[in-house]
Amino acid sequence: VEHDVVGLWRALEDGQPVPPPVRRRQALAVWRAGFEVFHTALPLDEAVALESVASGEPLARVCEAFGGREDPARAAFDAISGWFDEGWIAAIRG
């Protein structure tokens, strides 16, 4: 998205006045658990990696998205672990 919608959502959820739009490119993840909806901003490289997972790319290709990080292996591990924790990945196919 092209604006900070996460900041807007947080203000609405907290009953705060709606802030003026802030132009900022963001990647978002929106998911649900049962009937509860969650949303969060993602670093752009993590969004690219998650799109690779959704497209069925091999793990090596998914991990390449983190190549610009100081510790790419740790960044990939942390992101993928988080996806499992949130239930974004339900199964692994070989």
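In the predicted model, a salt bridge joins the side chains of aspartate 4 and arginine 24, with an N to O distance of 3.9 Å. Because aspartate 4 belongs to the segment before α1 (5-13) and arginine 24 to the loop between α1 and β1, this pair ties together parts that are 20 residues apart in sequence. Aspartate 4 has a relative accessibility of 24% and counts as partly exposed; arginine 24, at 44%, is likewise partly exposed.

A second salt bridge is formed by arginine 69 and aspartate 45, with an N to O distance of 2.7 Å. This pair links distant parts of the chain, 24 residues apart, since arginine 69 is located in the loop between α3 and α4 and aspartate 45 in helix α2. The relative accessibility of arginine 69 is 31%, so this residue counts as partly exposed.

Arginine 74 is partly exposed at 46% relative accessible area, and aspartate 78 is partly exposed at 42%. Salt bridges with shared partners also connect Glu57, Arg61 and Glu64 into one network. In total, five salt bridges are counted. With regard to overall charge, the mean positions of the 9 positive and 15 negative charges are 4 Å apart.

The secondary structure consists of four helices and two strands, arranged along the sequence as α-β-β-α-α-α. Helix α2 spans residues 44-54 and has Glu46, Ala47, Ala49 and Ser52 as buried residues. The buried residues of α2 pack against both β1 (27-33) and β2 (36-42), as well as against α3 (59-64) and α4 (72-86). Serine 52, situated in helix α2, is buried because its relative accessible area is 13%, under the 20% limit. Beyond residues up to four places away in sequence, serine 52 touches Glu57, Arg61 and Val62. Just after α2, glycine 56 adopts a positive phi of about 85°.

At the level of the whole protein, 21% of the 94 residues count as buried. The accessible surface amounts to about 6900 Å², and carbon and sulfur atoms contribute 55% of this area. The C-alpha atoms occupy a box of roughly 45 × 35 × 20 Å along the principal axes. Of the contacts between residues at least 6 apart in sequence, 22% connect residues at least 24 apart.

Definitions and conventions: Residues are numbered from 1 along each chain as its sequence is written. This is a predicted model: local features need pLDDT of at least 70, side-chain atom pairs count only at pLDDT 80 or more; totals for chains, interfaces and linings use all residues. Side-chain values use heavy atoms; hydrogens and water are left out. Buried means under 20% relative accessible area, exposed over 50%, partly exposed in between (1.4 Å probe, protein chains only). Contact means heavy atoms within 4.5 Å. Accessible areas come from the Shrake-Rupley method with a 1.4 Å probe; for residues, only the protein chains shown count as cover. Lys and Arg count as positive and Asp and Glu as negative; His and the chain ends are not counted. The place of a charge is taken as NZ of Lys, CZ of Arg, CG of Asp or CD of Glu. A salt bridge is a side-chain nitrogen of Lys or Arg within 4 Å of a carboxyl oxygen of Asp or Glu.
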